[in-house]
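User: I would like to go through this structure with you. Could we start with the terms you use?

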Amino acid sequence: MAVWRSKDLLDGEAAGSLTIILRTRGCRWRRCTVCGYASEGAPATGDDLLVQFRAATKDLSPEDRVVKIYTSGSFFDPLEVPPPARVRILDGLAAAGVEKLIIESRPEYVTGEAVEESVARIRTEVAVGLETSNDLVRDRSISKGFSFEEFAAAAKVVHAAGGSVKTYLLLKPPFLSEGVAISDALRSARDALPSSDVISLNLCNIQKGTPLERIWMLGEYRPPWLWSAVTVLKGVKGVPILCDPVAAGTRRGPHNCGLCDEAVAKAIREHALTQDAGVFEDLDCRCRTAWEEVLALEDLAFGSPLGSDSRRL
Ligand code: SF4
Ligand SMILES: [Zn+2]
(Lines give C-alpha, C1' and ligand atoms only; values in the text may rest on other atoms or scores of the structure.)
(Ligands and ions follow the chains in the order given, each with its own letter.)
Protein backbone atom coordinates (compact mmCIF):
# COMPACT_ATOMS: atom_id res chain seq x y z
CA MET A 1 0.00 0.00 0.00
CA ALA A 2 1.21 3.51 -0.73
CA VAL A 3 -0.36 6.88 0.00
CA TRP A 4 0.52 10.49 -0.82
CA ARG A 5 -1.00 13.94 -0.99
CA SER A 6 -1.12 16.24 -4.02
CA LYS A 7 -3.42 18.70 -5.77
CA ASP A 8 -6.15 17.90 -8.23
CA LEU A 9 -8.60 19.86 -10.33
CA LEU A 10 -12.02 19.92 -8.63
CA ASP A 11 -14.83 21.93 -10.24
CA GLY A 12 -12.33 24.14 -12.01
CA GLU A 13 -10.09 24.83 -9.02
CA ALA A 14 -7.07 23.21 -7.40
CA ALA A 15 -8.04 21.07 -4.40
CA GLY A 16 -6.16 18.82 -1.98
CA SER A 17 -6.19 15.16 -2.94
CA LEU A 18 -5.09 11.92 -1.38
CA THR A 19 -3.90 9.10 -3.61
CA ILE A 20 -4.06 5.57 -2.23
CA ILE A 21 -2.54 2.58 -4.00
CA LEU A 22 -4.16 -0.57 -2.68
CA ARG A 23 -2.15 -3.73 -3.13
CA THR A 24 -4.58 -6.17 -4.72
CA ARG A 25 -4.04 -9.35 -6.74
CA GLY A 26 -3.44 -6.96 -9.67
CA CYS A 27 -4.80 -6.52 -13.15
CA ARG A 28 -6.33 -9.62 -14.73
CA TRP A 29 -5.35 -8.53 -18.25
CA ARG A 30 -1.62 -7.98 -17.73
CA ARG A 31 -0.82 -7.86 -21.42
CA CYS A 32 -0.31 -4.19 -22.23
CA THR A 33 3.11 -3.62 -23.77
CA VAL A 34 3.77 -0.44 -21.82
CA CYS A 35 2.56 -1.53 -18.38
CA GLY A 36 4.88 -2.42 -15.53
CA TYR A 37 1.99 -3.43 -13.27
CA ALA A 38 1.84 -6.84 -14.92
CA SER A 39 4.52 -8.10 -12.55
CA GLU A 40 2.88 -6.54 -9.47
CA GLY A 41 0.15 -7.82 -7.19
CA ALA A 42 -0.22 -10.44 -4.50
CA PRO A 43 -3.22 -12.35 -3.22
CA ALA A 44 -5.32 -10.04 -1.04
CA THR A 45 -8.68 -10.74 0.59
CA GLY A 46 -11.37 -8.13 1.16
CA ASP A 47 -10.25 -7.92 4.80
CA ASP A 48 -6.63 -7.31 3.71
CA LEU A 49 -7.82 -4.44 1.51
CA LEU A 50 -9.83 -2.93 4.36
CA VAL A 51 -6.77 -3.03 6.62
CA GLN A 52 -4.78 -1.20 3.91
CA PHE A 53 -7.60 1.31 3.37
CA ARG A 54 -7.88 2.10 7.11
CA ALA A 55 -4.13 2.60 7.40
CA ALA A 56 -4.14 4.88 4.36
CA THR A 57 -7.00 7.05 5.61
CA LYS A 58 -6.14 7.25 9.30
CA ASP A 59 -4.94 10.87 8.91
CA LEU A 60 -7.62 11.92 6.42
CA SER A 61 -8.32 15.64 6.84
CA PRO A 62 -10.96 18.06 5.43
CA GLU A 63 -8.18 19.28 3.10
CA ASP A 64 -8.35 15.93 1.30
CA ARG A 65 -11.37 16.82 -0.78
CA VAL A 66 -10.56 14.31 -3.51
CA VAL A 67 -9.51 10.71 -2.88
CA LYS A 68 -8.03 8.58 -5.64
CA ILE A 69 -7.93 4.84 -5.07
CA TYR A 70 -5.79 2.96 -7.55
CA THR A 71 -5.16 -0.77 -7.54
CA SER A 72 -2.76 -1.28 -10.47
CA GLY A 73 -5.81 -2.83 -12.07
CA SER A 74 -9.59 -2.30 -11.88
CA PHE A 75 -11.42 -1.15 -8.75
CA PHE A 76 -14.62 -2.61 -10.19
CA ASP A 77 -13.11 -6.06 -10.86
CA PRO A 78 -14.85 -8.18 -8.20
CA LEU A 79 -11.87 -10.53 -8.03
CA GLU A 80 -9.54 -7.64 -7.28
CA VAL A 81 -11.77 -5.73 -4.87
CA PRO A 82 -14.51 -8.02 -3.51
CA PRO A 83 -17.84 -6.12 -3.56
CA PRO A 84 -18.41 -6.22 0.25
CA ALA A 85 -14.99 -4.59 0.79
CA ARG A 86 -15.73 -2.10 -1.96
CA VAL A 87 -18.94 -1.01 -0.23
CA ARG A 88 -17.17 -0.60 3.10
CA ILE A 89 -14.49 1.53 1.47
CA LEU A 90 -17.17 3.71 -0.15
CA ASP A 91 -19.04 4.02 3.17
CA GLY A 92 -15.80 5.00 4.89
CA LEU A 93 -15.10 7.78 2.40
CA ALA A 94 -18.68 9.07 2.55
CA ALA A 95 -18.62 9.12 6.36
CA ALA A 96 -15.34 11.08 6.28
CA GLY A 97 -16.96 13.76 4.09
CA VAL A 98 -14.69 13.23 1.08
CA GLU A 99 -16.21 15.14 -1.86
CA LYS A 100 -15.06 13.06 -4.78
CA LEU A 101 -13.63 9.62 -5.46
CA ILE A 102 -11.60 8.74 -8.53
CA ILE A 103 -11.04 5.08 -9.36
CA GLU A 104 -9.75 3.20 -12.39
CA SER A 105 -11.37 0.35 -14.29
CA ARG A 106 -11.18 -1.51 -17.55
CA PRO A 107 -14.48 -1.23 -19.45
CA GLU A 108 -15.48 -4.88 -18.96
CA TYR A 109 -15.91 -4.38 -15.19
CA VAL A 110 -17.99 -1.21 -15.48
CA THR A 111 -21.56 -2.18 -14.64
CA GLY A 112 -24.53 0.06 -13.87
CA GLU A 113 -24.84 -1.67 -10.51
CA ALA A 114 -21.23 -1.04 -9.47
CA VAL A 115 -21.32 2.61 -10.51
CA GLU A 116 -24.71 3.26 -8.88
CA GLU A 117 -23.52 1.66 -5.66
CA SER A 118 -20.60 4.07 -5.63
CA VAL A 119 -22.47 7.19 -6.78
CA ALA A 120 -25.14 6.60 -4.09
CA ARG A 121 -22.40 7.18 -1.49
CA ILE A 122 -19.95 9.58 -3.06
CA ARG A 123 -19.44 11.56 -6.25
CA THR A 124 -17.51 9.13 -8.43
CA GLU A 125 -15.21 9.47 -11.41
CA VAL A 126 -14.25 6.36 -13.32
CA ALA A 127 -10.92 6.58 -15.13
CA VAL A 128 -10.56 4.33 -18.17
CA GLY A 129 -7.31 3.76 -20.06
CA LEU A 130 -8.51 4.23 -23.62
CA GLU A 131 -4.94 5.31 -24.61
CA THR A 132 -5.93 6.06 -28.23
CA SER A 133 -9.15 6.15 -30.23
CA ASN A 134 -7.42 4.20 -33.01
CA ASP A 135 -8.36 0.51 -32.59
CA LEU A 136 -5.40 -0.66 -34.65
CA VAL A 137 -2.86 1.23 -32.55
CA ARG A 138 -4.55 0.17 -29.29
CA ASP A 139 -4.54 -3.44 -30.40
CA ARG A 140 -1.19 -3.84 -32.19
CA SER A 141 0.96 -1.33 -30.39
CA ILE A 142 -0.42 -1.50 -26.85
CA SER A 143 -2.26 -4.85 -26.74
CA LYS A 144 -5.00 -3.29 -24.68
CA GLY A 145 -7.66 -5.85 -25.46
CA PHE A 146 -10.75 -3.68 -25.86
CA SER A 147 -12.23 -1.56 -28.61
CA PHE A 148 -13.19 2.11 -28.81
CA GLU A 149 -16.81 0.95 -28.97
CA GLU A 150 -16.45 -0.95 -25.70
CA PHE A 151 -14.90 2.12 -24.08
CA ALA A 152 -17.76 4.36 -25.31
CA ALA A 153 -20.35 1.84 -24.08
CA ALA A 154 -18.74 1.75 -20.62
CA ALA A 155 -18.68 5.57 -20.54
CA LYS A 156 -22.41 5.56 -21.28
CA VAL A 157 -23.03 3.20 -18.37
CA VAL A 158 -21.04 5.47 -16.04
CA HIS A 159 -22.95 8.55 -17.18
CA ALA A 160 -26.35 6.84 -16.95
CA ALA A 161 -25.51 5.87 -13.36
CA GLY A 162 -24.60 9.47 -12.47
CA GLY A 163 -20.82 9.18 -12.52
CA SER A 164 -18.22 11.04 -14.55
CA VAL A 165 -15.54 9.67 -16.88
CA LYS A 166 -11.84 10.43 -16.98
CA THR A 167 -10.22 9.17 -20.16
CA TYR A 168 -6.54 8.35 -20.17
CA LEU A 169 -4.75 8.91 -23.46
CA LEU A 170 -1.21 7.70 -24.04
CA LEU A 171 1.15 10.05 -25.83
CA LYS A 172 3.46 8.04 -28.07
CA PRO A 173 2.61 4.34 -27.94
CA PRO A 174 5.43 2.18 -29.36
CA PHE A 175 6.03 2.14 -33.13
CA LEU A 176 4.55 5.61 -33.73
CA SER A 177 6.76 8.44 -34.91
CA GLU A 178 6.79 11.64 -32.84
CA GLY A 179 4.59 13.48 -35.33
CA VAL A 180 2.11 10.63 -35.74
CA ALA A 181 1.94 10.32 -31.95
CA ILE A 182 0.96 13.99 -31.65
CA SER A 183 -1.74 13.64 -34.34
CA ASP A 184 -2.96 10.41 -32.74
CA ALA A 185 -3.37 12.08 -29.32
CA LEU A 186 -5.15 15.13 -30.78
CA ARG A 187 -7.46 12.95 -32.83
CA SER A 188 -8.11 10.65 -29.86
CA ALA A 189 -9.06 13.60 -27.65
CA ARG A 190 -11.58 14.75 -30.27
CA ASP A 191 -13.02 11.25 -30.62
CA ALA A 192 -13.20 10.70 -26.85
CA LEU A 193 -14.76 14.10 -26.15
CA PRO A 194 -18.43 12.98 -26.19
CA SER A 195 -17.62 10.21 -23.69
CA SER A 196 -15.30 12.16 -21.39
CA ASP A 197 -15.69 14.71 -18.60
CA VAL A 198 -11.95 15.07 -18.33
CA ILE A 199 -8.98 13.77 -20.28
CA SER A 200 -5.67 12.80 -18.75
CA LEU A 201 -2.72 12.76 -21.11
CA ASN A 202 -0.18 10.18 -19.98
CA LEU A 203 3.28 10.69 -21.42
CA CYS A 204 4.70 7.27 -22.17
CA ASN A 205 7.58 6.25 -19.92
CA ILE A 206 9.59 3.06 -19.95
CA GLN A 207 8.66 0.75 -17.12
CA LYS A 208 10.83 -2.17 -16.04
CA GLY A 209 10.22 -5.63 -17.46
CA THR A 210 7.86 -4.49 -20.21
CA PRO A 211 7.95 -5.25 -23.94
CA LEU A 212 8.40 -1.50 -24.42
CA GLU A 213 11.59 -1.65 -22.35
CA ARG A 214 12.98 -4.31 -24.69
CA ILE A 215 12.14 -2.20 -27.75
CA TRP A 216 13.79 0.82 -26.12
CA MET A 217 16.92 -1.16 -25.26
CA LEU A 218 17.19 -2.11 -28.94
CA GLY A 219 17.22 1.61 -29.74
CA GLU A 220 13.83 1.47 -31.44
CA TYR A 221 11.95 3.82 -29.13
CA ARG A 222 12.39 7.25 -27.63
CA PRO A 223 9.88 8.52 -25.02
CA PRO A 224 7.92 11.58 -26.19
CA TRP A 225 9.45 15.03 -26.22
CA LEU A 226 7.93 17.41 -23.68
CA TRP A 227 7.41 19.81 -26.61
CA SER A 228 5.05 17.22 -28.08
CA ALA A 229 3.08 17.11 -24.83
CA VAL A 230 2.80 20.91 -24.85
CA THR A 231 1.53 20.78 -28.45
CA VAL A 232 -1.20 18.31 -27.50
CA LEU A 233 -2.18 20.15 -24.31
CA LYS A 234 -2.51 23.40 -26.26
CA GLY A 235 -4.45 21.71 -29.06
CA VAL A 236 -7.20 19.99 -27.06
CA LYS A 237 -10.32 22.10 -26.71
CA GLY A 238 -13.70 21.61 -25.11
CA VAL A 239 -12.69 19.43 -22.17
CA PRO A 240 -10.27 19.85 -19.24
CA ILE A 241 -7.01 18.04 -19.98
CA LEU A 242 -4.69 16.96 -17.21
CA CYS A 243 -1.12 15.77 -17.42
CA ASP A 244 1.37 14.61 -14.82
CA PRO A 245 4.72 14.23 -16.60
CA VAL A 246 5.94 11.22 -14.60
CA ALA A 247 9.73 10.72 -14.82
CA ALA A 248 10.08 13.89 -16.92
CA GLY A 249 13.65 14.77 -17.81
CA THR A 250 14.95 11.19 -17.41
CA ARG A 251 16.00 8.84 -20.21
CA ARG A 252 13.09 6.53 -19.40
CA GLY A 253 10.58 9.36 -19.19
CA PRO A 254 9.36 12.13 -21.49
CA HIS A 255 12.23 14.53 -22.07
CA ASN A 256 13.69 17.34 -24.12
CA CYS A 257 17.38 18.25 -24.12
CA GLY A 258 18.11 18.16 -20.40
CA LEU A 259 18.41 21.92 -20.02
CA CYS A 260 14.76 22.88 -20.35
CA ASP A 261 13.03 19.74 -19.03
CA GLU A 262 12.42 21.06 -15.54
CA ALA A 263 10.84 24.30 -16.72
CA VAL A 264 8.63 22.60 -19.29
CA ALA A 265 7.51 19.88 -16.84
CA LYS A 266 6.70 22.58 -14.28
CA ALA A 267 4.55 24.42 -16.82
CA ILE A 268 2.76 21.17 -17.70
CA ARG A 269 1.98 20.57 -14.00
CA GLU A 270 0.76 24.16 -13.61
CA HIS A 271 -1.45 23.80 -16.67
CA ALA A 272 -3.10 20.72 -15.12
CA LEU A 273 -4.28 22.82 -12.18
CA THR A 274 -5.16 26.03 -14.03
CA GLN A 275 -6.03 24.93 -17.58
CA ASP A 276 -4.30 28.16 -18.62
CA ALA A 277 -2.33 27.63 -21.85
CA GLY A 278 -0.59 30.96 -21.14
CA VAL A 279 1.85 29.02 -18.90
CA PHE A 280 3.49 27.68 -22.07
CA GLU A 281 3.99 31.05 -23.72
CA ASP A 282 7.41 32.01 -22.37
CA LEU A 283 8.95 28.57 -22.78
CA ASP A 284 11.71 28.20 -25.30
CA CYS A 285 15.00 26.40 -25.76
CA ARG A 286 17.46 25.70 -28.54
CA CYS A 287 16.25 22.08 -28.62
CA ARG A 288 12.89 23.18 -29.97
CA THR A 289 14.44 23.34 -33.43
CA ALA A 290 15.88 19.84 -33.05
CA TRP A 291 12.41 18.59 -32.07
CA GLU A 292 10.90 20.27 -35.13
CA GLU A 293 13.52 18.58 -37.27
CA VAL A 294 12.71 15.20 -35.74
CA LEU A 295 9.04 15.74 -36.62
CA ALA A 296 9.89 16.60 -40.19
CA LEU A 297 12.58 13.95 -40.72
CA GLU A 298 10.71 11.02 -39.21
CA ASP A 299 7.59 11.54 -41.22
CA LEU A 300 8.94 12.91 -44.47
CA ALA A 301 12.30 11.29 -44.95
CA PHE A 302 12.22 8.04 -43.00
CA GLY A 303 8.52 7.37 -42.49
CA SER A 304 9.35 5.69 -39.19
CA PRO A 305 10.46 6.65 -35.65
CA LEU A 306 14.10 7.63 -35.22
CA GLY A 307 14.14 5.62 -31.99
CA SER A 308 16.32 6.12 -28.95
CA ASP A 309 19.53 6.54 -30.93
CA SER A 310 18.22 10.09 -30.95
CA ARG A 311 18.07 10.22 -27.15
CA ARG A 312 20.97 12.61 -26.95
CA LEU A 313 18.68 15.10 -28.71
S1 SF4 B 1 -5.22 -2.87 -18.36
FE2 SF4 B 1 -4.07 -1.29 -17.25
S3 SF4 B 1 -3.21 -2.34 -15.46
FE4 SF4 B 1 -3.89 -3.94 -16.90
S5 SF4 B 1 -2.05 -4.48 -18.09
FE6 SF4 B 1 -3.16 -2.89 -19.24
S7 SF4 B 1 -2.28 -0.91 -18.58
FE8 SF4 B 1 -1.68 -2.50 -17.09
ZN1 LIG C 1 15.80 22.13 -24.37
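Analyst: Buried means under 20% relative accessible area, exposed means over 50%, and partly exposed lies in between. Please note that this is a predicted model.

User: Is Cys-285 buried or exposed, then?

Analyst: Cys-285 has a relative accessible area of 17%, so it counts as buried. Cys-257, at 30% relative accessibility, is partly exposed.

User: Which residues are the protein donors of the zinc ion (ligand 2)?

Analyst: The SG atoms of Cys-257, Cys-260, Cys-285 and Cys-287 are the donors, lying 2.3 Å from the ion. In sequence, these donor residues follow the spacing C-x2-C-x24-C-x1-C. Cys-257 sits in the loop between strand S8 (241–242) and helix H9 (261–274), while Cys-285 sits in the loop between H9 and helix H10 (287–302); the two are 28 residues apart, and the pair links distant parts of the chain.

User: What is the arrangement of the 4 donor atoms?

Analyst: The arrangement is tetrahedral, because the donor atoms subtend angles of 102 to 116° around the zinc ion. Ideal angles for four tetrahedral donors are 109.5 degrees.

User: Changing topic: which residues of H5 are buried?

Analyst: In H5, the buried residues are Phe-151, Ala-154, Ala-155 and Val-158. They cover an arc of only 105° around the axis, so they lie on the same side of H5.

User: What covers the buried residues of H5?

Analyst: The cover includes helix H3 (112–119), strand S5 (123–131), strand S6 (164–171) and helix H6 (178–192).

User: And which exposed residues are on the face turned away from the buried side of H5?

Analyst: That face of H5 carries Glu-149, Lys-156 and Ala-160.

User: What follows H5?

Analyst: Gly-162 follows H5, and its phi is positive, near 95°.

How values were computed: Residues numbered from 1 in each chain as written. Chains lettered and ligands numbered in written order. Predicted model: local features only at pLDDT ≥ 70, side-chain atom pairs only at ≥ 80, totals over all residues. Heavy atoms only, no water. Buried < 20%, exposed > 50% of the residue type's maximum accessible area, 1.4 Å probe, protein only. Helix = DSSP H or I, 4+ residues; strand = E, 2+ residues; numbered from the N terminus. Arc of directions from axis to C-beta. Contact = heavy atoms within 4.5 Å. Donors = N, O, S within 2.8 Å, 3.2 Å for Na, K, Ca; no water. Tetrahedral: all angles 85-135°; square planar, octahedral: opposite > 155°, others 65-115°.
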